[in-house]
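Welcome! Have the model open beside you, try each exercise by yourself, and then read through the worked solution.

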Amino acid sequence: MNEMQILDTVIVGGGAAGLTAAQVLGRARRAVTVVDTGAPRNAPAEHMHGYLGHDGLNPAELLALGRREAQAYGVRVLAGAATAVRRDGDLVEVTVGGEVLRARTLLVATGLTDVLPDVPGVAERFGRDAIHCPFCHGYEVRDRPLAVLGGDNPAMSVHQALMIPQWSRDLIFFTNGLEIDGADRARIEARGTRIVDGAVAGLVVDGDALRAVRLADGTEIEREAVFVGPRLVPQDELLLQLGAVRGENGFVPVDPMGGVLPGVWAAGNVVNPMAQVIVAAGAGSTAAAAISAHLLERDIAADLDAAALAR
């Protein structure tokens, strides 16, 4: 690509949000480059659910399909990490390795990082039988001996302990040092869930399957899957570099179309921790429509100026 080329849009992040936006803008005949590290949040998962028409599809396959579809409309997919961003007048400059991309608009769809409980075995089993989203994985472990493991996200842990009985009544909540107030204890126990206090030493795995949760005193309690509540950290460094500020929930706020700053949009988990794949894709489509409208207004203004000069 010519280093001086001015793109219509740079999209940072090649997940569901970013690729959906890229496809919409590519079909609108816009010059688009997607910057992608190739490390999606849901990489550990073998299947995704709740996406109409794609239930059970491997998330990696969805992204491969999305890349091919976007590229068919002229979208460039650039492997690498966007390390810096700055404004240059009305343009945005994004640094990727030794290349600087210049564009009229920017969409950030970089997702978030799941900071898992520091319990041996959780990271190794994450996305298989150490899971976090009951809507994503609950049906697959229905009616089995399950656990909720307290972590750095107390509100999520308590919510999981209240919600998981929809999928299995054989549930134990290992608080793992979390302080659970009396009201929450009463609500959890009313759901038929047993609460086990004290530290968890690790997960016990036999073969390639979770067998038990091991307590600090050596007790092993058989479980076949464990729900964890990660601390959710947005990968929003580019937005912060441009002057965006996180809200009270720890995420950068966006308007209904995904707008963050003039000429800058964001979509997916980077600004919405609860967005499942289908929601992230929808947010990418919404942002793309807003970007298209923004570019159209700028094009019309430029055409009017050119017409005035020609008179």
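**Exercise 1.** In which strand does Val264 lie?

*Solution.* Start with the ground rules. This is a predicted model, in which local features need pLDDT of at least 70 and side-chain atom pairs count only at pLDDT 80 or more, while totals for chains, interfaces and linings use all residues. Residues are numbered from 1 along each chain as its sequence is written, and side-chain values use heavy atoms, with hydrogens and water left out.

Now find the residue: Val264 belongs to strand S18. Strands (E, at least two residues) and helices (H or I, at least four) are DSSP runs, numbered from the N terminus.

Next, look at its cover. Val264 counts as buried because its relative accessibility is 0%; buried means under 20% relative accessible area, exposed over 50%, and partly exposed in between (1.4 Å probe, protein chains only).

Then list its partners. Neighbours within four places in sequence aside, Val264 is in contact with Arg87, Leu106, Leu239, Leu242, Gly258 and Gly259, where contact means heavy atoms within 4.5 Å.

Finally, compare sequence with space: Val264 and Val10 are 254 residues apart in sequence, and their C-alpha atoms are 9.9 Å apart.

**Exercise 2.** Describe how helix H1 and helix H8 meet.

*Solution.* Begin with the axes, which are lines fitted to C-alpha atoms, for helices over the stretch in contact, with angles from 0 to 180 degrees between N-to-C directions. Those of H1 (residues 16–27) and H8 (residues 277–310) come within 7 Å and cross at roughly 40°.

Now the residues. From H1, Ala16, Ala17, Thr20, Ala21, Val24 and Leu25 meet Val277, Ala280, Ala281, Gly284, Ser285, Ala288, Ile291 and Ser292 of H8.

The expected span is 1.5 Å times one less than the number of residues. For the 34 residues of H8 this should be 50 Å, and the end C-alpha atoms are 49 Å apart, which agrees.

To finish, ask what covers H8: its buried residues, among them Ala287, Ala290 and Leu295, are covered by elements including strand S1 (6–12), H1, helix H2 (59–72), strand S6 (99–108) and S18.

**Exercise 3.** How many of the ten residues of H5 are buried?

*Solution.* Seven of them are, and H5 is mostly covered. By name they are Met156, Ser157, Val158, Gln160, Ala161, Leu162 and Met163. Their cover includes helix H4 (134–137), strand S9, strand S10 (171–174), helix H6 (182–190), strand S15 (225–228) and strand S16 (231–234).

Step back to Asn153, in the loop between S9 (146–149) and H5 (154–163). Asn153 counts as buried because its relative accessibility is 18%.

**Exercise 4.** Into which domains is the protein divided?

*Solution.* There is domain 1 (7–113 + 231–310) and domain 2 (117–228), with bounds from an automatic or database domain assignment. Their C-alpha centres lie 35 Å apart. To complete the picture, eight residues of domain 1 are in contact with twelve residues of domain 2.
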